[in-house]
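Student: I would like to learn how to read this model, feature by feature. Where do we begin?

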Amino acid sequence: MIDLSGWRGRAGGARQLLALALRNVLRHRRRSAIALGAVVFGVVAMLLANGFIDWVLWAMRESTIRSQLGHLQVTRAHYRAAGAADPFAFLIPANAPVRAAIAAEPRVEVVAPRLSFSGLASLNDATLSFIGDGVVPEREAAIHRSHRLDTSVNVVAGRDLADAAAPEAILGKGLAENLGAQVGDRVVLLATSRSGGLNAVEVTVVGLFQTVSKAYDDAALRVPLPVAHALLRVDGDHTLVVLLDETRRTASVAARLQSALAPGGFEVTPWYELADFYNKTATLFARQAQVVNAIIAIIIVLSISNTLTMSVLERVGEIGTALALGVRRAQILRQFIVEGVLLGAIGGLAGVALGAAAAYAISAVGIPMPPPPGMGRGYVAQIMVTPRLVLEAFGLALGTTLVASLYPAWKAARFPIVDALRFNR
């Protein structure tokens with residue numbers, strides 16, 4: 001038979017300790033309210049600040065994926081290192097088995113081929129250099145669509161590419177402005193073909209687009225894939241852009257595809273190895289969040305430490321009486337620690353509830369933001385409250401109040417009995 005008497009005794013002692021801590025907290029309601037206010041304020045501030053940063057990074061990540069990179073890019077091995085010098089040596093044939101192998105992956109939603117090229121665009125007396133992509137319009141449209149974001153490639157004038165073989169193009173807004181091109185104009189594209197000679201095609205500008213990157217918009221254009229084939233006199237593509245069902249599965253799918261495609265001379269590059277600007281921005285924001293969290297933690301520690309220190313000084317006589325009656329110093333220590341953690345738990349729960357409500361209200365209205373440096377347009381931001389962020393905020397409340405209660409609790413447990421009994425006399 002299992003003896004539960006010890007467990008029951010410990011459980012009863014824990015309940016008694018918690019009840020006594022709650023009663024002591026409620027004895028000084030004004031002081032406890034001030035301490036709770038500091039905890040609640042800190043948790044709400046952390047949720048709102050970090051939730052805003054998380055949303056900005058999420059929106060930047062998804063926009064980068066859907067406007068330019070996709071989740072994965074499959075290319076010939078060493079294309080990124082040596083492709084600029086000899087791009088035609090790294091073409092993927094139209095009938096290559098690698099396309100079917102990628103499409104067979106269960107997490108893959110879209111496989112969009114792209115043929116990259118560069119050259120000169122001429123309109124009237126203006127001639128500018130450009131970087132271009134030959135694309136399959138309906139597959140690119142599938143990549144750009146998102147249920148939670150505006151279209152990452154925004155067509156600001158005219159329309160997107162529609163006909164898979166028509167001699168038409170969409171131009172980045174900055175490139176069109178510098179070239180003086182408008183919807184309906186006919187632009188001549190000049191590029192070096194595979195044979196080394198110059199070739200030109202005339203395309204009709206059917207739309208102007210804008211992405212999250214102003215530098216990209218100032219130089220980019222897109223044409224249907226057959227037009228790019230005709231211009232370069234080649235068959236095939238440089239890159240297979242892969243869109244997955246969920247961004248969080250990028251690393252695992254990339255590893256599976258890499259092991260499957262590497263023997264055929266292909267390499268798989270995930271989006272985060274290509275998004276240099278996003279990576280630097282995420283690092284900067286992470287450091288800013290750490291500073292904010294440190295400031296909040298200091299505010300909570302000082303507030304709770306002050307509250308418990310005042311409580312200790314007012315209860316020195318009680319502490320002496322308890323010690324004289326045989327209460328152990330470890331019990332006194334635990335009592336004050338539990339009081340501090342109780343303040344943190346109550347404040348943390350209230351702060352999480354208020355912070356989540358405030359985040360929802362602010363997100364419903366939106367936060368208008370100007371265009372960040374290097375980006376072509378502003379946006380309306382929101383605040384993203386995730387389970388991870390809620391746990392971090394609640395953990396911060398508990399952790400800081402625990403740290404704040406250690407010194408006052410240690411001080412209370414170290415009082416000499418005789419001095420404590422006559423302290424308040």
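Tutor: Begin with a cut-off. A residue is buried under 20% relative accessible area, exposed over 50%, and partly exposed in between. Keep in mind that this is a predicted model.

Student: Is Asn124 buried or exposed?

Tutor: Exposed, because its relative accessibility is 72%. Asn124 sits in the loop between β2 and β3. Look at its backbone too. Most residues other than glycine have a negative phi. Asn124 has a positive one, near 55°.

Student: Which other non-glycine residue has a positive phi, near 70°?

Tutor: His78. Its place is the loop between β1 (72–76) and α3 (79–82). At 56% relative accessibility, His78 also counts as exposed.

Student: Now the whole protein. How many helices and strands are there?

Tutor: There are 14 helices and twelve strands. The radius of gyration is 32 Å, well over the 22 Å that the globule rule gives for 425 residues, so the protein is more spread out than a compact globule. Along the principal axes, the C-alpha atoms fill a box of roughly 100 × 55 × 30 Å.

Student: What share of the residues is buried?

Tutor: Buried residues make up 46% of the 425. The accessible surface is about 21000 Å², and 61% of that belongs to carbon and sulfur atoms.

Student: What about contacts along the sequence, and charge?

Tutor: Take contacts between residues at least 6 apart in sequence: 80% of them join residues at least 24 apart. For charge, count 40 positive and 31 negative side chains. The centres of the two sets lie 18 Å apart.

Student: Which strands pair with β6?

Tutor: Strand β2 (residues 108–123) pairs with β6 in the antiparallel sense, over three bridges. Within that pairing, Ala121 stands opposite Leu189. Strand β7 (residues 198–210) also runs antiparallel to β6, joined by seven bridges. There, Leu190 stands opposite Ala200.

Student: Now a helix. What is the general idea?

Tutor: An α-helix has 3.6 residues a turn, so residues three or four places apart point the same way. Here, take α5 (residues 137–144). Its buried residues are Pro137, Glu140, Ala142, Ile143 and His144.

Student: What covers the buried residues of α5?

Tutor: The cover includes α2 (29–69), β2, β3 (126–135), β8 (220–224) and β9 (239–244).

Student: One last residue. Where is Pro113, and is it buried or exposed?

Tutor: Pro113 is in strand β2. At 6% relative accessibility, Pro113 counts as buried.

Student: What does Pro113 touch?

Tutor: Leave out residues up to four places away in sequence. The partners of Pro113 then include Arg99, Gly134, Val135, Arg139, Glu140, Leu225 and Asp237. Arg139 is 26 residues away along the chain, and its C-alpha atom is 8.5 Å from that of Pro113. Glu140, another partner of Pro113, is one of the buried residues of α5.

Notes: Residues are numbered from 1 along each chain as its sequence is written. Side-chain values use heavy atoms; hydrogens and water are left out. Two strands pair if DSSP finds at least two bridges between them. Helices (H or I, at least four residues) and strands (E, at least two) are DSSP runs, numbered from the N terminus. The radius of gyration is taken over C-alpha atoms; the globule rule is 2.2 Å times the number of residues to the power 0.38. Buried means under 20% relative accessible area, exposed over 50%, partly exposed in between (1.4 Å probe, protein chains only). Contact means heavy atoms within 4.5 Å. Accessible areas come from the Shrake-Rupley method with a 1.4 Å probe; for residues, only the protein chains shown count as cover. Lys and Arg count as positive and Asp and Glu as negative; His and the chain ends are not counted. The place of a charge is taken as NZ of Lys, CZ of Arg, CG of Asp or CD of Glu.
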